[in-house]
Amino acid sequence: MEWTDEGIVLGVRRHGESSAIVELMTREHGRHLGLVRGGASSRMRPLLQPGNSVTAVWRARLDEHLGMYTVEGTKLRAATLLASSHAVYGVTHLAALARLLPERDPHEEIYQMVQWILDDFEDAGTAAVHLIRFELAMLAELGFGLDLQNCAATGATTDLVYVSPKSGGAVSRAAGEPWADRLLPLPAFLREGEGGSNSWSEQDLLDGFQITGLFLLRHVLEPRGQGHSDARDGFINAVTRRRSRAAIPQG
């Protein structure tokens, strides 16, 4: 068995004296592990860092075996990402989310989204918007997508400012006003045609994470006996700390 694919390093653990088991999110073969001989060496360690993109050749006698990787770097982002706390937490959280997907199950759109996020992670506010959208995408990929395009009560497609914590559907201002204290605020950057990802406040970001956090816990994490990763909390705290020192850039 042999294949060649693009991949993003999600994690590495040492194996024996000098080798490493490397976890990649690949374009065509999903989340896939393999052994890299010499992967723990000083030459290979800078390449095998979370967030880096590689070309990987995987070989094994049988498909169900762990197999061996031969990897070459194509985009080494790790050094830049390690320079800021929000990026360190964010990359770790991205990897934790990717691990919710079944191993070796291809999810090309998720792969492309991870790659795009990693290439635009410098600004903390922008990174937060990307992560909220990624959490929404993961909910949809796992079969628990939220309908934020139509009012759950009336079917309206405009002035959607709330989310129902029960159904996960958007609710219009008029329909939701009597129960506003029971509904979740829908931030403007998640509303179609209302600012996109170019306009947000710190509260908008917190509201976005509240929505995705609630449904990830209810539908994905708690049924598996899990909770949110420490990296997710660390990322949110890092973003809000930066915001307390200076305003988040608006686009």
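## A cut-off to start with

A residue counts as buried when its relative accessible area is under 20%, and as exposed when that value is over 50%. Keep in mind that this is a predicted model.

## Histidine 32

Is histidine 32 buried or exposed? Its relative accessible area is 2%, and the limit for burial is under 20%, so histidine 32 is buried.

As for where it belongs, histidine 32 is part of strand S3, which covers residues 30–36. Setting aside neighbours within four places in sequence, histidine 32 touches Trp3, Val22, Glu23, Leu24, Trp58, Tyr69 and Arg104. With arginine 104 there is also a side-chain polar contact, at 3.3 Å.

## The overall fold

Zooming out, the protein is built with seven helices and nine strands. Along the principal axes, the C-alpha atoms take up a box of roughly 65 × 40 × 30 Å.

## Surface and charge

Of the 251 residues, 49% are counted as buried. The protein exposes about 12200 Å², with carbon and sulfur atoms supplying 49% of that area.

On the charge side, there are 25 positive and 31 negative side chains. The centres of these two sets sit 6 Å apart.

Methods
Residues numbered from 1 in each chain as written. Predicted model: local features only at pLDDT ≥ 70, side-chain atom pairs only at ≥ 80, totals over all residues. Heavy atoms only, no water. Helix = DSSP H or I, 4+ residues; strand = E, 2+ residues; numbered from the N terminus. Buried < 20%, exposed > 50% of the residue type's maximum accessible area, 1.4 Å probe, protein only. Areas by Shrake-Rupley, 256 points an atom, 1.4 Å probe, with all protein chains shown as cover. Lys, Arg positive; Asp, Glu negative; His and termini not counted. Charge placed at Lys NZ, Arg CZ, Asp CG, Glu CD. Polar contact = N/O pair within 3.5 Å; in protein donor to acceptor, adjacent residues only side chain to side chain. Contact = heavy atoms within 4.5 Å.
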